[in-house]
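Dear colleague,

Please find below the structure that I am passing on to you, with its sequence. My notes on what was found in it follow directly after.

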Amino acid sequence: MKILVCISHVPDTTSKINFVNGDTEFDTNGVQFVINPNDEFGLTRAIWFQEQQGATVTVVNVGGPDTEPTLRKALAIGANEAIRVNAIPTDGFFVAKQLAEVVKSGNYDLVICGKESLDYNGGMVPGMLAGLLDFNFVNSCTELTVDGTTANASREIDGGKEIISASLPLIIGGQKGLVEEKDLRIPNMRGIMTARTKVLTVLEPVTANNNTKAVKFEKPAPKSAVKLVSADNLDELINLLHNEAKVI
Amino acid sequence: MSLLIYAESSPDASGGKFKKVAFELASYAKKVAETLGTTVTAVTVNAGDVSELSKYGVDKVLKVTNEKLVNFSAKAFADVIKQAAQKESAKIILLSSTTDSLYLAPFVAVGLEAGFASNVVGLPLSTLPFQVKRTAFSNKAFNVTEISTDVKVLSLAKNSYGIFENKAAAAAEDFAPSLNDSDFNVKVESVEKASGKVTIADADVVVSGGRGLKGPENWGLIENLATVLGAATACSKPVSDLGWRPHSEHVGQTGKPVATNLYIAVGISGAIQHIAGINSSKVKVVINADAEAPFFKVADYGIVGDAFDILPRLTEKLAAFKVQNA
């Protein structure tokens, strides 16, 4: 089984979010970039398939040269090889088009993406990729096994889950549950050393439309201070929620 | 040239009830349609009483009834919406932000060669060029997105606009889109769903517990408060990682987003990732023994104190309040 794991390079979840150039660009100053958490759950599951079922795992990212350390980290975790499509990802459709080319030329059986990236939160790349390739697609995927050419999966739905079966080739929009938090791997020294010699191919992008563009960013308005209520005066809290906030 | 919305209903072979987000979406669509001088058409799938939509400004309903569509299939539902959009020559397609709508949205966008913006909050900032505001960086910021394609797909963030009545005379007509067998290649084998429980997605109020509750055996305190408020229960990431509560209750940046009217956090310190996930909630209440907990910086109301002392008393008082105000 050939697995492609699509990786977004995103600010660490604890990052302070600021903007520069008249609020048109994200301020990367002092920001640590990581593998998008939803993608990392998928990558770790892919490594499980590699170890248990002899799958090969390729990781791919659409991004500039500055994203290579993130791909090297994925290699250090255990991916066999990496691909970087050399383009700045500004629109979900553009990214999906690039990934579609990679999938077509690599004949992958299983493509694992995160259900959304934690920077733009667009949540559209996996589904658009499935739409472009006409592959089966399971979003918000929390469990995945593969037996021959059949995949069994769970999808999180509002208030429960669906048990799903689909044949390969398949695209997954993954999230926590594919593996548990405790199963995530921190690259060890051997992994980091090996990753240096693994193949990282750089591809030039294909022509594709940018259907959308982010014109400007804004930070939320500052919040007014919390109103503290004494633990001995719970009636006051009820009064505030009823008469002031009007939520009960 | 009308605007098309997909009005989502709960799955039910004998005619599902509309979700609240469908009414919010209709209210929003009506306002956008007024700006553009056009009308609102809704497409429904196996919904019951579609006349309800007219209360919120829907002018026309394309009613799809098909037993193959009782179970959700993203591809098939996207096909339905795509064909409805083509029939109406709709240039703007509006969807909700439920798990199902976000699943099908990219298929609709690819199928119609449309630009797609998700998590949209507020009315379009301009229509020429077409610009909308959306949340990004896990609710830590907004971005203004410009869509340059002729056809546009938007998904509206839950609870970001509100529900407004606006009576129209909705004409309903049956609509039978053509579906392919390949639309059903992803098969739903079974659905596991707790019945009778308020889900985080549907709830107006969410009561959430953290490590401050000390163990799963104390969750009765959270559940009792939730029951009185008709609320859904949720938890912080450490609590789900420890296995005290199921993953489906984990809210935060890598868990479920919460955009509710009232969010009550008990024994949750308020890590930046947790706050990101719940920040779209309108009113936030924190109960925590540690007055220095970061949650107090983002909450509207707070009580410094012992949850084990406060929760039973608060639950009792709220129960009495509810009886009085019933």
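This is a predicted model: local features need pLDDT of at least 70, side-chain atom pairs count only at pLDDT 80 or more; totals for chains, interfaces and linings use all residues.

At the chain A end, β15(A) is joined by two bridges to strand β16 (residues 301-304) of chain B, and the two run parallel. There, A:Lys227 has B:Tyr301 in β16(B) as its bridge partner.

**The contact between the chains**

How many residues of chain B are in contact with chain A? The count is 74 residues of chain B, in contact with 62 residues of chain A. On the side of chain B that touches chain A, α3(B) gives the most, with nine residues. By class, that side has 35 nonpolar, 25 polar and 14 charged residues.

One helix of chain B, α3 (residues 99-111), holds B:Ala109. B:Ala109 counts as buried because it has 32 C-beta neighbours inside 10 Å, against a cut-off of 20 or more. Leaving aside neighbours within four places in sequence, B:Ala109 is in contact with A:Met124 and A:Met128 of chain A, and with B:Ala114, B:Phe116 and B:Val153 of chain B. B:Ala109 and B:Leu154 are 45 residues apart in sequence, and their C-alpha atoms are 9.3 Å apart in space.

**Helix α4 of chain A**

A:Met128 is also one of the buried residues of α4(A). This helix (residues 125-133) is mostly covered, with seven of its nine residues buried. Besides A:Met128, the buried residues are A:Val125, A:Pro126, A:Gly127, A:Leu129, A:Ala130 and A:Gly131. In chain A, they pack against α3 (92-106), β8 (110-114), β9 (136-147) and β12 (170-174); in chain B, they pack against α3. Just after α4(A), A:Asp134 takes a positive phi of about 55°.

**A helix pair across the chains**

Helix α6 (residues 234-244) of chain A and helix α8 (residues 307-324) of chain B have axes that come within 10 Å and cross at roughly 50°. The pair is therefore oblique, and α6(A) passes α8(B) in a right-handed crossing. From α6(A), the residues that meet the other helix are A:Leu234, A:Asp235 and A:Ile238. From α8(B), they are B:Arg313, B:Leu314, B:Lys317, B:Leu318 and B:Phe321. By class, this contact has five nonpolar, no polar and three charged residues.

**Chain A as a whole**

Chain A has six helices and 15 strands. Its C-alpha atoms fill a box of roughly 65 × 45 × 40 Å, taken along the principal axes. Of the 248 residues in chain A, 48% are buried. Among contacts in chain A with a separation of 6 or more, 71% are between residues 24 or more positions apart.

With kind regards

Technical notes: Residues are numbered from 1 along each chain as its sequence is written. Chains are lettered from A and ligands numbered from 1 in the order in which they are written. Axes are lines fitted to C-alpha atoms, for helices over the stretch in contact, and angles run from 0 to 180 degrees between N-to-C directions. Helices (H or I, at least four residues) and strands (E, at least two) are DSSP runs, numbered from the N terminus. Angles under 35 degrees count as roughly parallel, over 145 as roughly antiparallel, 65 to 115 as roughly perpendicular and the rest as oblique. A crossing is left-handed if the near helix is turned anticlockwise from the far one by less than a right angle, and right-handed if clockwise. Two residues are in contact if their C-beta atoms, placed from the backbone, lie within 7 Å. Ala, Val, Leu, Ile, Met, Phe, Trp, Tyr, Cys and Pro count as nonpolar, Asp, Glu, Lys and Arg as charged, and the others, Gly among them, as polar. A residue is buried if 20 or more other C-beta atoms lie within 10 Å of its own, exposed if 12 or fewer, and partly exposed in between; C-beta atoms are placed from the backbone. Two strands pair if DSSP finds at least two bridges between them.
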